[in-house]
Amino acid sequence: MSKLLPRIITGAVFLVLVIISVTISPWIFAALFGFFTIIGINEFYKMSGMLGFTPQKVTGIVIGALTFLLLFLFAMRILPTELLYVLPVLMLSIPIIELFRQKPTPTSDWAQTLFAPMYIALPFGILANMLFLPGTHEFSPKIILSFFAFVWISDTGAFCVGSMFGKHKLIPKISPKKTIEGLLGGVAFTLLSSIPICSLVGVFSQTQWLIISLLTVIFATLGDLVESMIKRNTGVKDSGKILPGHGGILDRFDSTFLAVPPVWLAIVLFTTN
């Protein structure tokens with residue numbers, strides 16, 4: 001009970017903060033998720049250091065923060081599309097800086113430094129586009145709250161079904177507790193939830209919501225497994241300690257990172273066709 005209470009309180013506060021950030025103002029979203037970006041990248045670099053690598057922490061955090069900021073400003077239509085080409089130029093600075101560091105594992109350090117902004121900042125920046133209704137650019141929490149609902153329902157459904165009926169391991173070497181039954185349960189719960197979401201939110205057809213929900217549950221599961229792979233390789237239980245009872249930012253958003261790009265691509269295609 002002593003461990004459960006902090007977990008419940010932290011989870012509730014975290015959920016409220018995320019909902020507030022995506023419903024009140026895009027700028028509150030930018031402040032909160034910009035903070036998450038910096039903390040998440042720092043968590044990744046700490047785990048990278050445990051493996052003997054020496055990533056460029058300051059460079060990576062700065063590039064990650066700028067990546068998120070530029071993509072957010074693009075989503076706000078404050079930044080012209082052409083300025084997004086600044087991002088690959090920024091990333092080219094990593095191997096150039098590596099030339100002068102003279103570390104024993106330069107290419108590995110380069111890869112570790114570059115991976116964090118791509119893995120964390122890029123999805124968060126793309127996520128900012130979901131703050132607006134497709135086609136109208138009207139600020140509305142409908143799309144982004146629906147996406148998060150799919151992620152949470154997928155996770156909850158997989159946990160409940162897996163706990164009760166799970167027998168066949170999904171990828172035991174990566175995540176011993178995940179089962180095929182849990183995955184199927186998560187898929188079923190998420191697909192079913194697309195029916196009331198379509199009725200309440202609208203914007204897309206029922207078929208399109210089904211596709212969005214299916215993409216979310218598949219890539220959210222893969223995202224969870226990828227982060228588990230990173231932690232297992234590092235030998236840690238949690239990516240950080242910023243959220244008592246829940247771990248770090250990477251632990252909280254592991255399902256989100258890989259789900260955002262394909263879901264946003266589907267939304268763009270549904271809007272333009």
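**Note on the predicted model: core, pocket and backbone**

1. Phenylalanine 33 is in contact with Val18, Ser21, Phe68, Phe124, Leu127, Phe148 and Phe253, its neighbours within four places in sequence being left aside. The structure discussed here is a predicted model.

2. Phe33 belongs to the largest nonpolar core, which has 59 residues. Phe29, Phe33, Leu127 and Phe253 are the members with the most contacts inside this core. Two or more residues each are given to the core by α1 (4–23), α2 (26–50), α3 (57–75), α5 (106–127), α6 (142–165), α7 (180–201), α8 (206–234) and α9 (249–272). The largest share, 11 residues, comes from α9. In soluble globular proteins, nonpolar side chains tend to be buried together.

3. The second largest pocket has a volume of about 260 Å³. It is lined by 15 residues, of which Arg77, Asn129, Gly135, His137 and Trp264 are the closest to its centre. The elements that give two or more residues to this lining are α3 and α9, and the largest share, five residues, comes from α9. By class, the lining consists of eight nonpolar, six polar and one charged residues.

4. Two backbone positions deserve a reader's attention. Most residues other than glycine have a negative phi. Glutamine 102, which is not a glycine, has a positive phi of about 55°. Glutamine 102 lies in the loop between α4 (86–101) and α5 and is exposed, with a relative accessible area of 71%.

5. Valine 203 likewise has a positive phi, near 65°, in a residue other than glycine. Valine 203 is placed in the loop between α7 and α8, and at 44% relative accessibility it counts as partly exposed.

Conventions. Residues are numbered from 1 along each chain as its sequence is written. This is a predicted model: local features need pLDDT of at least 70, side-chain atom pairs count only at pLDDT 80 or more; totals for chains, interfaces and linings use all residues. Side-chain values use heavy atoms; hydrogens and water are left out. A nonpolar core is a set of buried Ala, Val, Leu, Ile, Met, Phe, Trp, Tyr and Cys residues joined through side-chain atoms within 4.5 Å. Buried means under 20% relative accessible area, exposed over 50%, partly exposed in between (1.4 Å probe, protein chains only). Helices (H or I, at least four residues) and strands (E, at least two) are DSSP runs, numbered from the N terminus. Contact means heavy atoms within 4.5 Å. On a 1 Å grid over the protein atoms alone, a cavity is a set of points where a 1.4 Å probe fits but cannot get out, and a pocket is an open set with protein on both sides within 12 Å along at least five of seven lines; lining residues have an atom within 4 Å of a point. Grid points are joined across faces, edges and corners, and a volume is the space filled by probe spheres set on the points. Ala, Val, Leu, Ile, Met, Phe, Trp, Tyr, Cys and Pro count as nonpolar, Asp, Glu, Lys and Arg as charged, and the others, Gly among them, as polar.
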